[in-house]
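Here are a few notes from my pass through this one. Have a look at the model alongside them.

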Amino acid sequence: MIITSRLPAKTPSLPEWEALIKPEPGQGESVEIGARADEPLPRSIADVRQQVAALDYQNLDPYVASVAGSIAASQVELPKGEEKIAVQVPEFYREDVEVLMGTQNGPFAPMLVVLPGIHSSGETSHANLLKKLALERGMNYVCLPNSMSKEMLEDMPIHHPGNPRVDAMATRKIVENLREQYPEFFTSISVAGYSYGGLHGANLIRLDEESPSRLIDGSLVTISPPENLEHSMVQLDDLRELYKEGTATTSDTGLKYKHDVKKFGYHGFYQSDLSQHVAGSNVDEIEICDKYGSRDSLKELVEIVDTQFGHNLLPMNTGEYKQAGLLKKGNRRQEHTRIVENITYRQFSDQWLSQDNWLQQNQLTPEQMASKYSFSNALETVNRTPVLTVASADDYILNQNDVDSLRKLEARPGQLEVTRVFTTGGHVALDWNPKVAETLIDFAAADDLK
């Protein structure tokens, strides 16, 4: 590939990385609207359990799987027709929230509410893959930016982002308003979420079942959900300890994955040299998962939250900084940069999130909140909604206790629940397997599971 001249001179920013791994115009995977709309749907939970038990996933290093799966998802080329819809939810956001809606399958088609992972705007990789799967299955979709994304922060949240319960409350109100505004497109509603979106979805269904009238009358699909949000964010904090410097540039590695994912696909990926990366040779993949999966966006999040909520804890945001002389300002600027560059979720939780008025009113610490609204706690209260969960035991956002909790859900599912914990699959890479992806969207589209 003679494309070295196009490489950024430095490590790409998140937008530059996303542009780097996307296919050239016209070279992505096109979407055939309604292509699978007439294919049979599962009719019972027993059928789904049998189908899910037969699925497998390649034996890949979790970071290799995660990077490859994310880049494979980024190959989607959505058709024209997606709209940005402004929704007013003044109880949660001072400005209108903009959601992405695709209604190419027309009125009265089932609606899929897509909840993306942490910091995601809803316009990248796995969100677009879920949109593609929905459109081809004969469904429409509405995709909400994650509460910790820059897009949602710009809408001036009233509560600190990163609270699964408050996120569920806001999302339910958004979807309720959309149904009132577009009733012919919200006659049947299901939910699909990946990563934080999976935890978000479980708490949305929990809230919906607690409400006097149901809004979500379909099912819930979750992909690689955190069991406990705080645990998973600490796991992400620890990623940076697993590498110092990669053996190649981030750009080189991204382009190699882009090429091999396109050339070999899921089933042929073992023919790629990348598939042989294992612990010790996977430092580039770990760096990519850390940097573009959370770390860069966490730095941006802290910068915005510190001023937006009036904390002004960062050195350049303090009153003393504004009154300091040039020399002191220079020192403060350096200290500010150092803090932000090394920020951890634990610090964000302890110094910023802990001050949220909702948490204080409910007498909860961030740790207690994460436990109370964990994934397994949410599912324990859900008993009227069909739920399909797929996760991986080697997912780097899960600690061993979290894996054990998911395995308990797998061993003792509720009457309408199907949980599968794959041995391998990394973080949100399971949908790279076409059979897994089809199973997920078929479950979401099914309207009579018993």
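Predicted model: local features only at pLDDT ≥ 70, side-chain atom pairs only at ≥ 80, totals over all residues.

1. Next, the pocket. The largest pocket comes out at a volume of about 930 Å³. Its lining counts 47 residues, and those nearest the centre are Leu14, Glu18, Ile118, Tyr292 and Gly293. Sorted by class, the lining has 23 nonpolar, 18 polar and six charged residues.

2. Which helix gives the largest share of that lining? Helix 10, with 10 residues. Several helices each supply at least two lining residues, among them helix 1 (14-21), helix 3 (62-73) and helix 10 (283-308).

3. Now strand 7. Six of its six residues (189-194) are buried, so strand 7 is largely enclosed by the rest of the structure. Both faces are covered: Ile189, Val191 and Gly193 are buried on one side, and Ser190, Ala192 and Tyr194 on the other.

4. What does strand 7 pair with? Strand 5 (residues 111-115) pairs with strand 7 in the parallel sense over five bridges, and valine 114 has alanine 192 of strand 7 as its bridge partner. Strand 8 (residues 220-223) also runs parallel to strand 7, joined by four bridges, with tyrosine 194 opposite isoleucine 223 of strand 8. Between strands 7 and 8 the chain passes through helix 7 (residues 196-210), making a right-handed β-α-β crossover.

Notes
Residues numbered from 1 in each chain as written. Heavy atoms only, no water. 1 Å grid on protein atoms, 1.4 Å probe; cavity = no way out; pocket = protein on both sides within 12 Å on 5 of 7 lines; lining within 4 Å. Points joined across faces, edges and corners; volume = space filled by probe spheres on them. Nonpolar A, V, L, I, M, F, W, Y, C, P; charged D, E, K, R; others polar. Buried < 20%, exposed > 50% of the residue type's maximum accessible area, 1.4 Å probe, protein only. Pairing = 2+ DSSP bridges. Right-handed = clockwise from strand over helix to strand, strands pointing away.
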